[in-house]
Protein chains: 2
Amino acid sequence: MRKPQLLIFLGLLLCAMAGKAQTITSPNKNIVLKFALNDKGTPTYELTYKNKPVIKTSKLGLETKDVPSFIEGFTISDTRQSTFDETWSPVMGEQKNIRNHYNELLVTLTQKAVDNRMLNIRFRVFDDGLGFRYEFPSQKNLNYFIIKEEHTQFAMAGDHKAFWLPGDFDTQEYNTTTSNLSEIRGKMKAAVTPNVSQTTFSPTGVQTPLMMKSKDGLYINLHEAALVDYSCMSLNLDDKNMVFESFLTPDAIGDKGYMQAPTQSPWRTVIVSDKAGDILTSKLVYNLNEPTKYKDVSWIKPVKYIGVWWEMITGKSTWAYTDAENIQLGVTDYSKLKPNGKHGATTEHVKEYIDFAAKNGFDAVLVEGWNVGWEDWFGKTKDYVFDFVTPYPDFDVKELHRYAESKGVKIIMHHETSGSVRNYERHLDTAYKFMVENGYNAVKSGYVGNMIPRGEHHYGQWLVNHYLYAVTQAAKYKIMVNAHEAIRPTGLNRTYPNLMANEAARGMEYESFGGNNPDHLTILPFTRQIGGPMDYTPGIFQTKISAYNPQNTSFVHTTLTKQLALYVTMYSPLQMAADLPETYNKFMDAFQFIKDVAVDWDDTWVIEAEPGDYITMARKAKGKNEWYVGAITDENPRTATIKFDYLPKGKNYIATIYADGKDASYDKNPQSYTIRTMKVNSKTVLKQWLASSGGAAISIKEDTKN
Amino acid sequence: MRKPQLLIFLGLLLCAMAGKAQTITSPNKNIVLKFALNDKGTPTYELTYKNKPVIKTSKLGLETKDVPSFIEGFTISDTRQSTFDETWSPVMGEQKNIRNHYNELLVTLTQKAVDNRMLNIRFRVFDDGLGFRYEFPSQKNLNYFIIKEEHTQFAMAGDHKAFWLPGDFDTQEYNTTTSNLSEIRGKMKAAVTPNVSQTTFSPTGVQTPLMMKSKDGLYINLHEAALVDYSCMSLNLDDKNMVFESFLTPDAIGDKGYMQAPTQSPWRTVIVSDKAGDILTSKLVYNLNEPTKYKDVSWIKPVKYIGVWWEMITGKSTWAYTDAENIQLGVTDYSKLKPNGKHGATTEHVKEYIDFAAKNGFDAVLVEGWNVGWEDWFGKTKDYVFDFVTPYPDFDVKELHRYAESKGVKIIMHHETSGSVRNYERHLDTAYKFMVENGYNAVKSGYVGNMIPRGEHHYGQWLVNHYLYAVTQAAKYKIMVNAHEAIRPTGLNRTYPNLMANEAARGMEYESFGGNNPDHLTILPFTRQIGGPMDYTPGIFQTKISAYNPQNTSFVHTTLTKQLALYVTMYSPLQMAADLPETYNKFMDAFQFIKDVAVDWDDTWVIEAEPGDYITMARKAKGKNEWYVGAITDENPRTATIKFDYLPKGKNYIATIYADGKDASYDKNPQSYTIRTMKVNSKTVLKQWLASSGGAAISIKEDTKN
């Protein structure tokens, strides 16, 4: 569907206009991008949506360390416009088909004072927003260069309401603060809650994806796409003028990027709409990533799993086999240590999980704490903690391989790197081979704690490079990856679809560490999930953690049915039922929804959504005539208006509705729920009450009697 | 030969004296160590040699970052003395048998104010000096800790003459400055010559091994032994009091060591004698290292080699295949690039080297510049330069494997890491496997340029860990390692004998980069070589570099026969004949010495030596009745007095003497030499004139006619 001939002609026409402002619009004309040079020869852009300002005139450029900066003195030496329209199918996803349709403006700039050095800026305007990036062509005057800072501005048109996390080089595990932009500075201190590894950088620094809502009703999301071998972009706000500017993650000596031409920056993205739901269904970030680089993707499949995990998170059992200290791998003789009696990952206990998974149709069982070294590394930034292949004495790898295989269940490997990425890379091939030999085809990796070598950050170029290395090496062994505490995603799972999911936000685990805010899950789809799937690990039915560990007074800040709804609202092709089998066995009627719900989809519809308040979504199961609906609310009870107009017309369906009980609320009565069925068709509109931080989940199947 | 019973009894006796000063002597009583706590409870020691002060009262201790420091408030809770006497045989070396004989004092100190935390200091007093280290026992009050600085003092007894290099975290490639200690500050600026990676730290900072000579005739050498997973120690001089203090190499955030008990520091060493030659024959550093950890060492063998190397060093040919820039591995298509016509490592040219090696009895041919990526990485601290397995289009790996094998010659692999150790480690196993598959059993590795990740230094703990990792991984593939630009050795080749040699000083290559000082080679055996073999790469006969590259005005700062003598004075089990075959073919008579000389030895004798002035040594070839003598001098001509009293008594031998011509001098007539034979026996004393920066080399074989 590309129309190159026409556009090259158009490009040549525009060439003659070099030096003037350039304008392109989205295919539907709603979005208009203007590019111009200011009087200093600095590139600028502005963006409107239906004639409303989205980005006011904003500067572009990069400050370099060793060569003259890409900041000013530019002239336009060429501009080319083109259009692109294709539809592609992700290996797994929220939609079977994704349309990638944009108009492109490629501006070639020349710095005369720097020996006519060239810089390209490529803009792509979609119906749902803008992507642009810097491109550094191969040329005589540019080879290696070091980025001191990227100065990409996003000038906001007002004091928007923002859903923000403190800007940090090492963690995204913060509750979202909701405030006007002008209030960020005042609320920053309270927003920066403790984390085992954290490095904030500015009283007005925030992370992306950043979700905003303007007073004139625009929903605006800022993020980046295709972050490859470059530092993560945070945003620093000039809160007098409401201008965000890119703030890259530095390395140990303060540099922010080591580049060699030809190369390019990641895409900077602005998703915009007057409907909140359009943000949730935007595929702009994926469209800006490359098609998959893998020839064979047949081994990449969605996974629904349970795991030996929540019991450790709650403190009911332990990752560690002993309570010993001074553990040194290769020196410590575990056979001489006294077991602590609380170790979770024992052969017998894992078999119980395998039995439960097999009985209830789960694909896999995650097992953490299976390998030696867990006793005393936490928070120590220790270089050599794990070897990724040596099990504790009570974990029989061969026997569990045999047993799981006999039950048709996979075990998911766990690699906690302890932040020691060199140690991980040294063991990576051996660890992956060990997985293949023992029947594992997926790994959950972790990057807890400060990075080694010290001074490097989780979101710096050095680590960004590592995370992708771990994924592409895994692909050589046909291993799927679920990386926790790594960089937040930027759509790379389009290109590398064995990157199944990331954590990269406050996940369910925080419900056992003091709790997530009731609005948390109404925000994450607008922020964290813009870049890719999150392994949030929903499905906690036992919302009082003290039931597992009397010392733990935390509780889950949702109702039970809101947990069910998350399987629809929190997309991931890798989806956990995180609670313990002993608990699910007590709630088998509600658990039925988790057993039924799909993890891969043909299509997705947002029925209602407002960031921070509520989300109601429907999805059609991949290749099946089954639909699932999830509706959630924040601390405010509400009545969701659930339409079914995505159902094929003229047919009847049976909906099974899992809803909060009348007396339900997340803080007082979270486990009150009702289950009912009703007939629905495409015309049905259901008014469904949701409790305080409550939710509803609906499964819809064909009415075979009708 | 250990006498544990007696010594435990002695230990118990001494126990009662806790708190008092402790004294132990060397087995021959010449050296006396006194240990005491000062009035603040800080450990101190002093050392004498034949009643002359070597180290005046000096403090010991470590400053830590996260736990209370190991500085003061100590009491002595236990002391134990023991003795040890054994003789061991290195896999390769200067002597067939090495005696390890010392008296040991183990002091257990307790810090009452730190919950009775314990620190051990272990002293070993040999006839040739002292080794001591800090030991951190496993205990309840000590697990992880971070070293901010080690404060080990070496209080000199006077303003000694010192042979020093500027203290630096990244390079040892300096000419030695000879001055009194008090003059270091004034001479520092001139001493710090440019290097592609260098980080000095103090106007009175110097490196170890540090050689000194006192006004009362003592030769004193300070260094360290068994540097494993710890930062390299430099020395910082308090030049008012002539007190050196340890100065460790920091990481990117300024920390100097990440430790977990039980652990220990490297040994700090003081070699002392009133004879300079005793410094050269000291095996104290090796004795403080552990016996080999390898069960099978049969694959580790001495190597005499030539190489496609000096022609690139001089600029006659190039490592790179093209003159292109913007090279990106996996992107650049070399088949489309124009060769520069000067590439050294071509199949045909390497075959010429193989032919020469086979004809002249060399074991191996080093080939640098065989693999893609050499064009434009230098000095750029680029992350991904080399993959270590992809040859240039004109280097046929398989054909050269076949050809070399047919000639009974090995090719030595070359791995330039470009300082990107993560990239090297990612490729390490693949690269070693590639070597095994293609018949390579030895690798020269290089660490040119600043380290990646930036902020880490060549001599920090992070890299110290890497260098040993590369060696131990190589051992798994039975590969010998010759690491350049890595840390200077500390005797680890005893434990890991496949660490054949290091560069870690200004090698021969600097003769092509402006030159080494004429006294350079009379100093290196007293400094650099105290820790282990150096791959100096002697044997340059064409001393005018312009003969190879008209643009290069450098010249070798020795005579031709001094080059021969280096094969004796510069010990290495991996010894190169560095010049080009075309040159050796012109000097086959002199080249005969290089063909004959051994690279592994039964025994070694220092006949005359004075650091900075001259060295005359004799060695007996391993397992043969052949002896080789090398005599060198600095810029001053001299007459060496060469004894032969190490020859078996009562037998006659034929000595072939390669000597400077009468008119020879390094700067005016370096290629003037004579070769003569004479009969010698154990009583012979030869007066042999040496030219300015000249030398003499003698091979001694049995007189079969007699």
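Which residues of chain A does UniProt list for "domain: Glycosyl-hydrolase 97 catalytic"? In the predicted model examined here, the UniProt record, an unreviewed entry, places this domain at residues 309-505 of chain A.

Residues 24-291 are 49% strand and 7% helix, and the end C-alpha atoms of the span lie 25 Å from each other.

The arrangement of the two chains was examined next. Two copies of a chain are related by a rotation about an axis and a shift along it. For chain B and chain A, superposition is reached by a turn of 180° with a shift of 0.0 Å along the axis, and the RMSD is 0.0 Å. The copies are thus related as by a two-fold rotation axis. Within chain B, the C-alpha nearest this axis belongs to B:Ala252, at a distance of 2.9 Å. Both copies use the same surface for contact, since 100% of the contact residues of chain B recur in chain A.

Cysteine residues were also considered. With a disulfide taken as a pair of cysteine sulfur atoms within 2.5 Å, the count over all chains is zero. A:Cys232 has a relative accessibility of 2% and therefore counts as buried, the limit for this class being under 20%. B:Cys232 is likewise buried, with a relative accessible area of 2%.

Notes
Residues numbered from 1 in each chain as written. Chains lettered and ligands numbered in written order. Predicted model: local features only at pLDDT ≥ 70, side-chain atom pairs only at ≥ 80, totals over all residues. Heavy atoms only, no water. Least-squares fit on C-alpha atoms with pLDDT ≥ 70 in both. Contact = heavy atoms within 4.5 Å. UniProt positions renumbered as here; feature names shortened; annotations may be inferred. Buried < 20%, exposed > 50% of the residue type's maximum accessible area, 1.4 Å probe, protein only. Helix = DSSP H or I, 4+ residues; strand = E, 2+ residues; numbered from the N terminus.
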